[in-house]
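Here is a friendly walk through a two-chain model, one part at a time. Keep the structure open beside the text as you read.

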Amino acid sequence: MSAIESIYLVFLGTGFTVGFGHCIGMCGPIVFTLSLQLKHRPSFFPHLFYNLGRTATYAILGAAAGWMGSFTRLASGLGGMQKWIMAFAGLVIALLGLGMTGWLPLGRIFSNAPSLSGLLGSAIRRLQRSKSALFFLPVGMALGLIPCGPVYTALLAAARRGMEAESALLGAASGSAIMAAFGLGTIPALLILSRVTSASWLRHREWIYRLGGLAMLATGIYFMVKGIRY
Amino acid sequence: MPACPKTHGILFRAVLFALVGLFSLGGAIAQASDPEPNCAIQEGACTQSAGNRTVTLNILPKPVRAMQELTFRVEVGGEPPSAPPVIDLDMPAMEMGPNQVRLRPVNATVFEGTGVIVRCPSGKRLWSATVILSETTKAKFLFRVRY
């Protein structure tokens, strides 16, 4: 097997090991949030599409890094956007947490939430009407932009591959493949975590649901603070 | 006696819970017990011994910040290495993926290369640079970067 092919396996393996450590810590609260909001619905496909969306974003970022052949140029462009995505994800997680504790009349997004007016209410009603697991693909794509150390490391490799490529197009293809391999590698850990957090006894016990709400509120605040200070 | 599917389901989830808990707890404990830096890289170059050689590492420009292109300069004291060393960049107790700096010889004992130390959103700043002279001869530098 050539060195060019083996780098994809290296990053597939890296994604797999990083998934069980770093990603469970970073994306775990998001997986937990999705699971608790999907109370009466099968959760496998929504979680799968969330993860595929995340991987698609990594592949697009990898293509950009490979095309440019520079990590620092890409990172300087992304930096400002990523901090606000992290802060916004924190805000959404905190709002959902408040809804779950009953302190904010949001209810469960995919069940009988009280009707709300305004932009937030309209967005939540749209979520309630959404029956397709495909909805979680763009959610995953957006959340794939949350800043993450191992993602940056994989992007460094994508940019290096772009520098060594014969053309920008080949660099983009190679960078994209590295990041896709990395993203696919992270999926098993988060799918296993989703299986755990989707346990029906966990989702159907009111006190666990409220405790989960408090955990989400704390996590959301943590994400917001980290995002704003990033 | 036939196995009960419900019991299997509960056991399966209990095992998954335990595994996820162990991984998370292991990660948290590892992060809580970060080692102390052995190199004040923001002040200047650092020297460590590796076998019967000395390895001096400097990173420029100062201050050493994450997410910018950095020049890594390694000087090997004693017998010159047979091949240019490689630097492995990592965070202690945090899997960050493979990030290696390839060095080119400036002369027989001095080597240089460029690389990037990525930023960890956890806010942790302790990084390690392991200068690998051979499979058994390595020097590990622990230092703090700035964000």
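## A sheet in chain B

In chain B, four strands form an open sheet in the order 5-4-8-9, with antiparallel pairing. Strand 5 (100-102) and strand 9 (138-144) of chain B are the edge strands, each pairing on one side only. From one strand to the next, the twist averages 20°. Strands here are DSSP runs of E with at least two residues, helices are runs of H or I with at least four residues, and both are numbered from the N terminus.

Opposite B:Ile87 you will find B:Val131, in strand 8 of chain B.

## About the model

This is a predicted model, in which local features need pLDDT of at least 70 and side-chain atom pairs count only at pLDDT 80 or more, while totals for chains, interfaces and linings use all residues. Residues are numbered from 1 along each chain as its sequence is written, chains are lettered from A and ligands numbered from 1 in the order in which they are written, and side-chain values use heavy atoms, leaving out hydrogens and water.

## The two chains

Chain A has 10 helices and zero strands. Of its 230 residues, 56% count as buried, meaning under 20% relative accessible area with a 1.4 Å probe, protein chains only. Chain A exposes about 10000 Å², with carbon and sulfur atoms supplying 71%; such areas come from the Shrake-Rupley method with a 1.4 Å probe.

Of the 147 residues of chain B, 38% count as buried. The accessible surface of chain B is about 7800 Å², and 56% of that belongs to carbon and sulfur atoms.

## Where the chains meet

The contact (heavy atoms within 4.5 Å) takes 33 residues from chain A and 25 residues from chain B. About 2500 Å² is buried between the chains, with carbon and sulfur atoms giving 68%; this is the accessible area (1.4 Å probe) that two parts lose on being put together, summed over both.

How many salt bridges are counted between chain A and chain B? The count is one salt bridge, defined as a side-chain nitrogen of Lys or Arg within 4 Å of a carboxyl oxygen of Asp or Glu. The side chains of B:Arg102 and A:Glu164 meet in a salt bridge, at 3.1 Å from N to O.

Terms used. Buried < 20%, exposed > 50% of the residue type's maximum accessible area, 1.4 Å probe, protein only. Pairing = 2+ DSSP bridges. Axes fitted to C-alpha atoms, helices over the stretch in contact; angles between N-to-C directions.
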